[in-house]
Amino acid sequence: MGFYGQINSQITGLITDQKGEPLPFATVYEKGTSKGTTSNVEGRYELNLPKGKHEIVFQFVGYEQQVRNINYDGKRLELDVKLKEQAVELEEIVVQADAEDPAYPVIRQAMAKRKYYRDLVQAYSCDVYIKGNIKFLDAPESFMGVEIGDMGGSLDTNRQGIIYLSESKSTLHFMEPDKYKEQMEYTKVSGNDNGFGFNRASEMDFNLYESYALMGRQIISPIDDNAFGYYRYQLMGTFYDESGRLINQIKVIPKRSEDPVYSGIIYIVEDLWNIQGVDLVVTKGSMKQPGLDSLYIKQVHVPVKKPDVWRMISQNITFKAGLFGFQLQGSFTGIYSNYDLERDYEKGFFDNEIFKVEDKANDQPLTYFDSIRPIPLTQEEAVDYVRKDSLQTVRKSKVYLDSIDDKNNKFTVGKMFFGYSYNNSYERKFFSIESPLTTIQFNAVQGWNGDLGIRYRKEYDENNIKWFRFRGKLGYGLSDKRLRASVSMTKNFDRIHNTRLTVSGGIMASQFNAENPITPTLNTITSLWWKDNYMRLYDRSFGKVQFSRELVNGIYLRTSLAYEQRSRLENNSTYSFKRKDDEYEPNNFFLSISPDDERIPMFSNHEALIFEAHLRFRINQKYVSYPGRKFNQGSRWPDIWLHYRRGIEAVGSDVNFDHFAVQVRENYVPLGLIGYFEFNTEFGWFNNTDFMQFTDYKHFNGNQTLIGNPSRYMSSFMRLPYYDYSTNGMYTEAHFQHHFDGFLLDKIPLIRKLGFVSVLGASFLYTEDRDTYYEINFGIDRIGWGLFRFFRVDVVAAQRPNRDMAFDMMIGLNLPMN
């Protein structure tokens with residue numbers, strides 16, 4: 001069976017220019033239909049058609065279309081074609097110095113018809129073939145001291161080679177205004193007979209009839225209503241296509257290269273004012289994606305139904321990227337065929353599953369794709385399939401995997417300090433001892449302290465659907481002379497509902513705020529340099545069982561039951577680099593100071609049985625399905641969380657309380673060229689607080705340093721003291737951030753070339769026993785150079801009760817800090 005759903009034979013050939021140079025990604029299709037293909041990078045094409053008479057159109061951007069009439073007898077036919085450069089005509093127009101370019105009236109007509117063509121087809125389905133190819137143009141011999149090798153057989157002696165080659169055949173369904181459903185029937189990944197690749201037609205939907213396309217940030221269409229503020233246009237000329245339609249060839253020129261814009265050529269059909277094709281590029285400056293050099297988009301649209309229904313028949317997306325000495329080039333080519341514009345979908349067809357890989361989609365041999373492939377393989381691709389499929393058999397064998405493990409498992413003196421791993425790859429068992437050097441920290445309770453961690457992981461299948469994990473940690477503090485140990489064991493049962501059970505226990509020095517508002521690394525710095533020990537700790541001996549599962553799509557449950565023995569800890573060290581004669585602030589909290597100066601602690605030794613339940617509702621959650629696996633894709637609605645925490649007075653527990661909270665959070669609300677915003681709000685209250693310890697209060701994530709972590713700004717305050725607002729009463733907190741994505745800074749000369757973006761934020765906190773706290777911040781993000789854009793700087797105005805507004809500057813580090 002051919003790609004077009006019938007028994008077909010093959011027409012093949014080479015497409016070149018007049019000098020014999022191959023034309024890659026040229027479009028070939030049968031006139032009046034959506035049956036077509038493109039040439040590969042070597043200029044070769046294959047077109048499967050039934051017996052009979054056909055008009056075949058050959059088309060390449062910047063070249064004249066050529067139509068060949070054939071009476072096809074069903075036998076293999078070699079049909080080579082040479083295309084001439086487009087002889088565009090530009091009417092002689094006397095243009096005054098201040099006159100408008102002739103392109104502008106055409107663009108205005110296209111703008112006026114944009115929404116019409118966007119909404120013209122209410123529903124359709126089509127077949128989509130996608131071939132993805134990513135290759136190294138160059139790769140270093142080693143990275144950070146680790147030998148790279150040939151990367152699983154991908155690299156040749158010149159450090160070049162294909163690292164990803166995949167083909168897929170899908171059916172794409174669409175219904176207005178924005179409902180997609182894609183079903184992948186067949187897929188092939190070079191060197192991985194268990195892989196599915198990441199070819200998705202719905203992810204290649206760069207529709208210029210829409211106002212924006214998301215490429216790192218929202219890129220404005222050159223025919224959007226507001227495009228004149230971002231583009232200039234130049235009519236390069238006109239020509240007639242194979243049916244006598246006049247085509248306007250218009251150059252799209254960005255007014256500012258750092259704006260979210262395209263550049264290149266767009267082809268508009270006269271009188272119809274629709275898009276016939278595009279040859280556009282988006283630069284890394286426009287996308288704000290430092291690692292990605294440029295993204296090239298070529299599309300060809302053909303008429304499929306009179307009088308004015310055109311559909312995309314081919315699309316090629318090419319990119320170049322560089323990172324740490326690696327140079328990449330990739331292309332994804334899609335062939336769209338068999339459009340059905342009269343689809344009448346049953347109610348419920350478009351559910352929340354937007355992409356599905358059918359069972360056994362990757363079971364077909366390479367010969368199957370040989371029979372349906374509309375784009376011929378290049379010689380390099382054909383060799384890659386054969387070589388990697390052969391290597392896969394060897395590299396999955398026990399002998400090979402054992403030989404690699406024997407080499408990597410050898411113990412050396414360096415591994416004693418920097419970590420050691422022992423793997424049995426064939427049985428999918430992995431053991432490691434973590435480096436103790438990376439865990440050395442300081443706090444006033446333990447003094448200098450460090451951990452020795454071990455990990456073990458067992459995977460029960462090749463797709464890592466079921467697994468078991470063990471973690472253990474042994475820690476010691478030099479000042480409190482206390483040895484503490486903890487373990488946890490987790491079993492993951494499936495990847496559809498992500499059912500997971502964890503059992504843990506041990507002894508730990510834990511922060512009163514379980515969300516760890518200050519990291520051990522940052523507390524070490526503030527303690528040693530400024531003698532500010534912000535980390536408040538208590539001793540926790542515990543046993544805990546935790547269970548989590550997605551009950552149905554969009555409803556996720558996480559529960560736990562823990563029994564804890566909690567004990568006070570005191571400072572045991574006065575060490576610091578500076579201010580050595582000063583004392584650290586006490587580790588514990590005090591309710592008040594009585595007239596005789598007796599301090600009353602808010603925390604005493606006790607035992608607690610704590611039950612927690614957290615339920616998340618995500619309305620209309622979209623997801624993609626692979627055999628045995630489900631991946632959630634989010635929703636247009638905010639996440640709604642219901643939190644419940646119960647202190648149970650039983651089996652020796654000294655606490656009895658109820659904590660309820662409702663949280664609403666949204667991480668991405670797009671606003672077109674203005675950027676996007678996110679918010680996080682929570683309202684909570686307590687019942688039965690007579691038997692309650694400070695440990696179980698609601699603590700808010702504050703910051704008393706001038707260093708922050710931008711990844712936590714949506715759940716923390718920049719200048720709030722860590723525990724001043726802790727409460728066992730009613731509270732409301734809210735956080736908001738708007739990311740301008742260059743909307744402001746791109747308008748400032750010179751600054752816009754730096755690639756920085758601006759952020760505006762605000763946070764609010766109310767507790768019934770304290771007055772309102774709020775803060776406002778304005779920041780510059782992505783500060784740095786090239787790929788190393790780790791910094792963010794914010795000016796923060798914070799208003800605390802009965803105090804003047806305080807202004808500070810925060811330095812944000814987009815780096816993981818333990």
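Of the 818 residues of the chain, 49% count as buried, meaning a relative accessible area under 20%, with exposed being over 50% and partly exposed in between (1.4 Å probe, protein chains only). This is a predicted model, where local features need pLDDT of at least 70 and side-chain atom pairs count only at pLDDT 80 or more, while totals for chains, interfaces and linings use all residues. Residues are numbered from 1 along each chain as its sequence is written, and side-chain values use heavy atoms, leaving out hydrogens and water.

**The whole chain**

Show the cartoon to begin. You will find seven helices and 46 strands; these are DSSP runs (helices H or I, at least four residues; strands E, at least two), numbered from the N terminus. Along the principal axes, the C-alpha atoms fill a box of roughly 105 × 70 × 55 Å.

**Stop one: tyrosine 124**

Now turn to the aromatic rings. The structure holds 51 aromatic pairs: rings of Phe, Tyr and Trp (its six-membered ring) with centres within 6.5 Å, called stacked if the planes are under 30 degrees apart, edge-to-face if over 60 and tilted for the rest. Select tyrosine 124 and tyrosine 339: their ring centres are 5.8 Å apart and their planes stand at 55°, so this pair is tilted. Because tyrosine 124 lies in strand 9 (residues 123-138) and tyrosine 339 in strand 22 (residues 326-340), the pair ties together parts that are 215 residues apart in sequence. Tyrosine 124 is buried at 10% relative accessible area, and tyrosine 339 is buried at 16%.

**Stop two: two phenylalanines**

Next, pick phenylalanine 349 and phenylalanine 350. With centres 5.1 Å apart and planes at 85°, the pair is edge-to-face. Phenylalanine 349 is partly exposed at 23%, whereas phenylalanine 350 is buried at 14%.

**Stop three: helix 7**

Select residues 520-530, which make up helix 7. Leu522, Asn523, Thr524, Thr526, Ser527 and Leu528 are buried here. Their cover includes strand 26 (441-443), strand 27 (447-459) and strand 41 (707-708).

**Last stop: a cluster and a charge**

Colour Phe442, Trp448, Trp529, Tyr575, Phe577 and Tyr584, which form one aromatic cluster. Finally, look at arginine 540, whose charged end sits over the ring of phenylalanine 542, 4.2 Å from its centre.

Note on methods. Lys NZ or Arg CZ within 6 Å of the ring centre and 35° of its normal. Contact = heavy atoms within 4.5 Å.
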